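Let's go through this one together, a question at a time. Please have a look at the model first.

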Amino acid sequence: MMFKLSSTILKDIRILFRDKLGLIFMFIMPIILAIVITAVQNSTFEILNTNTVPTLLCNRDTGEAGKQMELAINKVGMFNLKQVTPNISEKEIANRMHAKDAVVAIVIPSNFTQKLKQKSEETAKKALKNFGMSIDSMHVTDNDSVQPVTVFYHPVLQESFRRSIQGALKSSLQMVQNREVLKSLYFSLNETALPDSLENELMNNQLAINEIPISRDGSRNIPNATQHNIPAWTIFAMFFVVISLGSSVVREKLNGSFVRLKTLPTNYLIALISKQLTYLLVTFIQALVIFSIGIWLFPFMGLPRLNIPTDIAGVIIVTLICGWCAVSYAIMIGVFAKTQEQANGIGAVSIVLMAAVGGLLVPSFAMPSSFQYILKASPLHWCLQSYYGLFLEGGKLRDVILNILPLLGITLLIQLITLYGLKRKNLI
Amino acid sequence: MSNAAVSINHLGFTYPGQSSSCFSNLSLTVQEGERFGLFGPNGAGKTTLMHCMTGLLSYQQGSIKLLGYEIANHKKSVNKLFGYVPQDFSFYQELSPAENLAFFGAWAGLQKNEIKNKTTELLEVLGLADVRNKRVEQFSGGMKRRVNLAIGVMHNPRVLFLDEPTVGVDVHTRHAIINYLIKLNEEGGTTLIYTSHQLAEAEELCNKVALIDDGRIIAHDTLQQLVADYKEEGLEGLFINLTGKSFRDS
């Protein structure tokens with residue numbers, strides 16, 4: 001029995017190592033994916049936090065509020081500002097943006113200070129009236145509204161970027177507006193200008209936000225793109241063994257090896273066990289390689305280093321269970337597919353779909369409520385949740401057991417479907 | 001009286017989902033030590049009958065005994081007793097002949113040393129010793145046929161089923177294969193059960209033949225006796241006499 005199994009494993013390993021395309025799909029492609037996507041997500045993160053967005057600033061206002069607005073935008077630190085002349089036309093702005101001079105252009109309207117001042121005075125008067133204070137000169141008038149600050153953006157900018165930029169500009173505008181309202185209020189009450197020292201003290205006295213990632217092990221490591229992407233793309237890589245393994249099962253069926261094996265005095269389950277053990281080893285090596293790249297290669301590439309969880313045994317067990325599920329799925333596809341093309345096509349597309357549904361491409365919490373049930377059927381979801389429990393939350397194996405159990409359930413179901421398929425096709 | 005290598009009694013078989021049966025009440029006996037040829041037009045049921053005899057298909061009626069064992073009841077234990085050489089190249093083309101023989105030898109129940117010795121012997125006899133470590137995918141059709149045959153006889157089976165073992169090979173390879181099979185039968189006592197459309201080759205190899213048509217055995221005897229009975233000069237004339245001249249594969 002052991003000799004038959006070891007001979008079968010040896011045969012499977014030999015075939016595997018001679019399948020160059022399969023090896024590329026299993027090792028090179030996920031490594032490239034992990035590097036590229038982590039690098040892209042990391043640069044997105046850095047654009048919003050470290051790097052700056054190339055921006056044209058056209059201040060058509062000659063007053064104080066326009067200058068304050070410029071200062072506030074500068075202070076955000078998100079923009080690499082290039083001043084342009086106030087008389088530049090919208091067409092010229094568009095041309096410069098098409099020439100990739102900038103991806104955003106901010107235009108402060110010409111009467112910004114005057115209108116903002118009027119608006120602030122009205123706001124101050126309304127406020128004082130509401131406070132029950134009566135001032136002789138108080139006369140609330142309805143002035144024209146302040147013309148909006150206009151933002152032009154290049155269509156390459158994604159929705160999430162635009163929202164970040166809009167948020168930053170709104171915050172700047174709020175600062176300028178608040179300053180003006182404050183000045184008006186002070187003047188209405190004291191009939192003197194707001195002293196600079198008090199203005200600065202009031203305006204710069206914002207409360208800070210303290211960001212703390214929650215973790216089970218008490219560590220305060222801020223999750224980065226690597227920590228999110230490496231586990232996700234490792235799972236993706238594991239499931240992509242379908243290209244090699246699914247095809248291998250189909251080839252055996254088509255070239256008659258299955259038929260010959262059936263006439264020999266050995267149960268086909270030996271072949272199934274051998275394939276599972278061989279490819280489980282492959283998935284484990286995939287995880288080792290991708291994790292190693294995250295730990296040792298990423299820092300050299302300017303990407304954040306992967307922090308391995310403290311519960312190494314937990315990582316190994318989760319990796320083996322994820323790998324077993326991936327291998328079972330690949331065999332099932334191979335058993336039911338009629339041609340190699342079918343196995344490759346159905347295998348690859350279904351994995352991308354399960355990855356999308358499972359939260360590998362978009363976080364599961366961001367999915368529509370109807371998907372909250374569907375995603376639970378994706379084994380990749382449970383794989384990802386188990387890894388995230390260890391890599392992001394600093395948990396131990398016992399903390400992710402509730403993610404492992406459904407994964408094991410799905411794996412056993414896949415195994416049963418495979419056995420049914422083999423039986424139905426008279427292969428066992 | 002010699003023992004039956006294969007004894008088929010009142011066999012009934014219908015493919016799942018089909019209304020008409022392939023065989024109904026088919027009976028046939030092949031004695032141990034015979035070189036038995038099963039011939040018939042395309043679609044006559046040769047391969048189906050061979051699959052029933054090797055346990056690849058489960059029949060619904062009657063019985064098939066191989067060396068006294070009912071196939072339906074002793075599938076895996078009976079499998080040690082026979083070898084099967086399918087029409088397709090049923091092995092791993094990514095592997096070398098030696099690697100294929102090592103794997104299929106283990107599955108046939110041989111031990112490491114037996115596999116080593118038998119591999120050397122077979123590759124030598126079948127002219128594959130020089131390419132023992134080359135991948136089969138680089139081989140010619142004739143070499144692949146010899147690998148296919150080597151795997152089937154690896155475990156010294158008492159009965160060897162051969163489904164068109166020489167299809168698509170050149171004269172040299174055909175002679176080599178036929179001579180090897182005759183030697184296997186004469187020296188080792190292996191019973192050969194063979195199907196082919198190469199009737200001249202069959203005349204050289206077989207000492208007993210049966211003609212099957214439309215799921216029925218229409219003639220079964222020694223070639224000499226059948227030729228004499230039907231007053232034909234050879235197997236080809238006998239074949240056309242009994243099965244007609246019209247196409248049978250539509």
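Q: How many bridges join strand S1 of chain A to strand S3 of chain A?
A: This is a predicted model, in which local features need pLDDT of at least 70, side-chain atom pairs count only at pLDDT 80 or more, and totals for chains, interfaces and linings use all residues. Residues are numbered from 1 along each chain as its sequence is written, and chains are lettered from A and ligands numbered from 1 in the order in which they are written. Strands (E, at least two residues) are DSSP runs numbered from the N terminus, and two of them pair if DSSP finds at least two bridges between them. S1 (residues 53–59) and S3 (residues 104–108) of chain A run parallel, and the number of bridges joining them is 5.

Q: Which residue in S3(A) stands opposite A:Asn59?
A: Stay with the S1 and S3 strands of chain A, which run parallel. Opposite A:Asn59, S3(A) places A:Ile108.

Q: What is the strand order of the open sheet in chain A?
A: This sheet has 4 strands with mixed pairing. Strands S2 (79–84) and S4 (150–153) of chain A are its edges, each pairing on one side only. The order is S2-S1-S3-S4.

Q: In chain B, which residue of the hairpin of S9(B) and S10(B) takes a positive phi?
A: S9 (residues 208–213) and S10 (residues 216–221) of chain B pair in the antiparallel sense over 5 bridges. B:Ile212 has B:Ile217 as its bridge partner in S10(B). The hairpin has 2 residues between the strands, and the residue with a positive phi, near 55°, is B:Asp214.
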